[in-house]
Amino acid sequence: MVPVSVTANGLGVRFLFDSQSDVVTPLRAKLALRTSKTWGLRHAFATIGAGEGVGLIGATGSGKTTLLRAFAQVMPADEGEVRVEGRVASMLSTDAGLVPALTGRENAVLLAVLAGTPRAEAKASLEAIKD
């Protein structure tokens, strides 16, 4: 059995808006005269095993990015909990960290090294993928 790496139990993330419909922090919302809240994600449950890759498909505004941000602990949960064991690498943008002047292979090695993988291991992994 693969050990669990990420679990979400009843996860909810709330967004606060001011009267101009701009997203505001909770502190700024307390100072504003009129605010509204919208749940970007509510009652989400998920279990992801160590080493598993996950892709999310859904309509615009359905909470895909919010869920990934909560898993990466970039965005805190307003309700429920997210438990992370080990490291989580979240690609929130398909071109994040890529250098246009480098080849695809060079970018792959660069991103692996930035994520903490030794350079030799990153290069060896690329050879295994190529085969």
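Trainee: Why is Arg 105 called partly exposed?

Mentor: In this predicted model, Arg 105 has a relative accessibility of 40%.

Trainee: What makes Arg 105 and Glu 127 a salt bridge?

Mentor: Their closest N and O atoms are 2.8 Å apart. The rule asks for a side-chain nitrogen of Lys or Arg within 4 Å of a carboxyl oxygen of Asp or Glu, so the pair qualifies. Arg 105 lies in helix H3 and Glu 127 in helix H4, so the pair ties together parts that are 22 residues apart in sequence.

Trainee: How do you know that Arg 14 and Asp 78 form a salt bridge?

Mentor: Good one to check! The N to O distance is 4.0 Å, and the cut-off is within 4 Å, so this pair is counted too. Arg 14 sits in strand S1 and Asp 78 in the loop between H2 and S4, 64 residues apart.

Trainee: How many salt bridges does the rule give?

Mentor: The count is four. Another one of them joins Arg 83 and Glu 81, with the closest N and O atoms 2.9 Å apart.

Trainee: Why is His 43 called exposed?

Mentor: Its relative accessible area is 54%. His 43 is found in strand S3.

Trainee: What makes the phi of His 43 worth a look?

Mentor: Most residues other than glycine have a negative phi. The phi of His 43 is near 55°, a positive value.

Notes
Residues are numbered from 1 along each chain as its sequence is written. This is a predicted model: local features need pLDDT of at least 70, side-chain atom pairs count only at pLDDT 80 or more; totals for chains, interfaces and linings use all residues. Side-chain values use heavy atoms; hydrogens and water are left out. Helices (H or I, at least four residues) and strands (E, at least two) are DSSP runs, numbered from the N terminus. Buried means under 20% relative accessible area, exposed over 50%, partly exposed in between (1.4 Å probe, protein chains only).
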